[in-house]
Amino acid sequence: MNFELDEAQREFRKKVEDFARREFTEEEATKYDLQEKYPEEVVKRMLKEGVFDYSNPWNILVATEALCKYDAGMGISMLVPFFGNEVIALFGNDDQKKKYLGRVFSGQAKMGLAVTEPGGGSDVANIKTTAVKEGDHYVLNGSKMFITNGDIADFFVLLARTSVEKKKHQGMSVFIVERNFEGFKSNKIHGKLGVRATDTAEITLENVKVPAENLVGEPGRGFYYIMTFFDISRAYVAAQALGIAEGILERAVNILQKDGPITSQPERVQFTIADMATRIEAAKLLTYEAASFIFNFNPNPAVTSMAKAYAAETAVYVSRKAMEITGIDGLSSSIERSFRDAKIMEIWEGTSEIEKLVIARMLKVGDTQ
Amino acid sequence: MMEEYEILRNTVREFSSKEIEAVSKDIEINGIPRSLKEKIAAQGFLGATLPAEKGGSGLDEKGYMIILEETAKASPSVSMWIFLTNLYLKIHPDANGKQDILSGKIDVTVDLSPYYLRSKAQPLKVAGGKISGKRANVINGTASSIIVSDGSSIYAVGSGMHAVNKNHLGLRGMDLSDVDFDSSTYEKVGSEEKLRTELKNSDGEIAAIFLGVADGTMAKAADYSKVRTAFDHPLKDYTPIFDEIVAARTQIELIRYYLYGNQGEYAKALSKIKAKEIALLATRSSLQIHGGYGYIHDFGIEKYYRDAMALAVYFGDDSWENGIISEVVIGERGGII
Ligand SMILES: Cc1cc2nc3c(=O)[nH]c(=O)nc-3n(C[C@H](O)[C@H](O)[C@H](O)COP(=O)(O)OP(=O)(O)OC[C@H]3O[C@@H](n4cnc5c(N)ncnc54)[C@H](O)[C@@H]3O)c2cc1C
């Protein structure tokens with residue numbers, strides 16, 4: 001067992017941190033947060049500098065953590081142009097990979113993943129969007145809610161119902177839907193609490209004709225594909241949460257240290273810092289463990305959900321405690337923004353409640369009586 | 001007497017749901033509208049505890065707490081605005097332009113920044129007929145008159161203030177400003193001790209604001225849990241969600257019962273600490289129960305999450321309360337290392 005990143009990973013992390021330190025300045029992060037603007041230009045520079053390395057999943061994880069440490073809104077904005085790519089990579093055919101993923105990885109296009117609907121996000125099997133086959137294409141109708149990149153992505157991996165079966169999670173299929181297909185509309189959602197640099201929109205589909213060749217994998221298997229995706233992506237969300245928590249702790253400690261060494265603080269404050277740091281370390285181990293299972297092609301959904309839920313809880317805990325120990329200094333610093341960002345971690349890609357249900361269901365125990 | 005409080009509570013609740021709730025989301029973006037301020041004034045919520053001959057409503061502390069609690073349920077910003085206006089008038093009951101303050105025509109505020117959690121505010125300077133200096137993070141710092149301290153006395157300053165509003169975490173119905181003071185229009189109001197004492201006596205009121213925040217957001221969560229379904233059942237039917245709603249409710253009721261049923265600084269100190277805690281807990285629960293909708297402005301839930309944290313920073317320094325509690329529980333000072 002080795003709890004360290006190897007040298008190449010450490011070097012890569014340093015490269016990412018250098019980029020984030022240079023690009024995610026307080027001024028820039030404040031601007032994108034205030035204006036709710038997607039940092040398009042920064043994403044371009046990131047791609048140019050090769051800060052993003054999609055050939056190596058550990059590097060994605062390391063980059064996610066490092067970027068979010070500096071700023072979650074901008075950090076996640078760097079990562080989301082590729083959001084959902086694993087669905088096509090795992091279940092799509094060669095033509096789809098070439099046509100769609102090629103453009104995404106070269107930075108010519110952005111994608112998104114559209115599952116949630118106004119009527120519900122947790123209960124994925126209950127979505128109402130329909131896809132009806134007519135000759136060589138499908139006709140899609142329905143609406144999608146809270147879709148990241150919804151207003152800016154060129155195409156989406158989208159879940160719809162293709163048939164009504166006895167079991168609700170059967171009869172669902174995944175399609176690649178382009179923004180320029182007729183009948184596709186998006187409406188940007190304003191006023192998010194945090195991660196305001198990221199783009200979020202509602203999508204409506206009105207008789208959208210999607211060519212049959214844009215069906216991903218087999219019809220009726222969509223629910224399974226999306227759940228498989230979440231079992232991977234949740235490790236990345238855990239890394240987002242971990243990065244946020246690490247960044248907040250660092251900034252809180254640096255604020256306090258302006259008054260002298262941490263040991264000169266009341267023990268109440270020292271204990272809080274100790275708790276924050278301990279939880280972060282535990283969240284890191286869980287996150288890396290979940291990732292290691294996934295990257296070794298032996299995913300463990302219970303551990304992945306533990307990592308996601310625990311890291312999210314840690315980010316929120318750390319954000320609140322940091323505010324308590326730094327007071328008005330924290331409130332007037334970038335900790336304020338991180339406090340708002342952190343809360344999304346407990347909601348997207350499976351709320352903490354849903355993660356707990358997964359953990360309980362997937363937990364494997366021995367036969368101790 | 002009991003009945004009178006109930007009548008007052010119902011009146012404020014009705015006003016709050018009719019007049020404040022309707023504009024509560026807009027308040028977060030555009031501030032508290034002047035028209036609402038004037039309506040609040042017409043209800044007698046400003047100068048709530050001032051005697052009638054001073055132009056006030058002559059309410060006792062309990063009545064005033066009811067106003068703060070019930071308005072905080074719909075808009076913590078509005079409740080805090082009422083609190084600051086009342087605090088100003090309590091300290092400075094014969095202020096110039098009092099009629100305009102009492103009728104909601106102009107804003108006044110009290111600079112609380114020296115009392116925030118971990119504040120390092122420097123005293124202002126008073127010399128040569130001028131008051132000057134800088135204050136960071138003044139709530140409603142664009143007000144027409146601000147009560148500030150120079151470390152030994154407090155002054156009501158009526159001009160020569162330059163306020164720069166900053167983007168801020170909570171209570172967005174008012175600005176949070178860095179204010180430059182350079183003024184010859186000021187009036188000495190009393191000693192710094194007077195403001196400190198008034199603030200210390202406000203623990204019950206601050207508890208009422210926290211309680212209103214907690215109750216307001218949890219009531220919305222309870223309502224939502226009835227209409228939102230997941231996996232074919234309303235959210236209220238799921239034990240974890242139900243338990244959270246019940247846990248919050250239990251604490252809110254107990255704190256309210258204790259707060260309104262007891263007098264004296266010890267009871268108020270306990271209430272304030274506990275009410276702050278439940279406000280932080282309930283605002284997180286409520287946002288979570290609302291799922292993605294809890295995270296966006298349109299649903300009017302995320303503001304409670306921000307406001308509770310901001311209030312906890314503004315009123316979070318519990319050293320005074322801990323001192324009182326320590327004297328009662330331990331018999332001497334404790335909790336200092
Ligand atoms: C900024 C943002 C970006 C997003 N990006 C995307 C995206 O790119 N693509 C996408 O598809 N979706 C996206 N989402 C949606 C997100 O995944 C959903 O909000 C989330 O899954 C929760 O769904 P919901 O909001 O419908 O809440 P609901 O499912 O209505 O849940 C409400 C509450 O009930 C709880 N709950 C539900 N069922 C149970 C149960 N059985 N037991 C106990 N508690 C339960 C939930 O945990 C939650 O607390 C985004 C959301 C946000 C806010």
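Q: Is T287(A) buried or exposed?
A: T287(A) is buried, with a relative accessible area of 0%. Buried means under 20% relative accessible area, exposed over 50%, and partly exposed in between, with a 1.4 Å probe and protein chains only. This is a predicted model: local features need pLDDT of at least 70, side-chain atom pairs count only at pLDDT 80 or more, and totals for chains, interfaces and linings use all residues. Residues are numbered from 1 along each chain as its sequence is written, chains are lettered from A and ligands numbered from 1 in the order in which they are written, and side-chain values use heavy atoms, with hydrogens and water left out.

Q: Where is T287(A) found?
A: In helix α9 of chain A, residues 267-295. Helices (H or I, at least four residues) and strands (E, at least two) are DSSP runs, numbered from the N terminus.

Q: Which residues is T287(A) in contact with, leaving aside neighbours within four places in sequence?
A: A235(A), A238(A), A239(A), L242(A), A307(A) and A311(A). Contact means heavy atoms within 4.5 Å.

Q: New topic: cores. Which residues have the most contacts inside the largest nonpolar core?
A: M80(B), F83(B) and L112(B). That core has 198 residues. Its largest share, 21 residues, comes from helix α8 of chain A, residues 222-257. A nonpolar core is a set of buried Ala, Val, Leu, Ile, Met, Phe, Trp, Tyr and Cys residues joined through side-chain atoms within 4.5 Å.

Q: What does L112(B) touch, beyond four places in sequence?
A: L112(B) is in contact with M80(B), L84(B), L87(B), L199(B) and F315(B).

Q: Now sheets. What is the strand order in the open sheet of chain B?
A: The order is β2-β3-β7-β6, with antiparallel pairing. Two strands pair if DSSP finds at least two bridges between them.

Q: Why is one side of β2 and of β6 in chain B left without a neighbour in the sheet?
A: β2 (125-127) and β6 (161-165) stand at the edges, each with a single partner strand, so one side of each has no neighbour in the sheet.

Q: How many bridges join β6(B) to β7 of chain B?
A: Five, and the two strands run antiparallel. In β7(B), D180(B) is the bridge partner of H162(B).

Q: Last one: how many helices and strands does chain B have?
A: Chain B has 13 helices and ten strands. Of its 337 residues, 55% count as buried.
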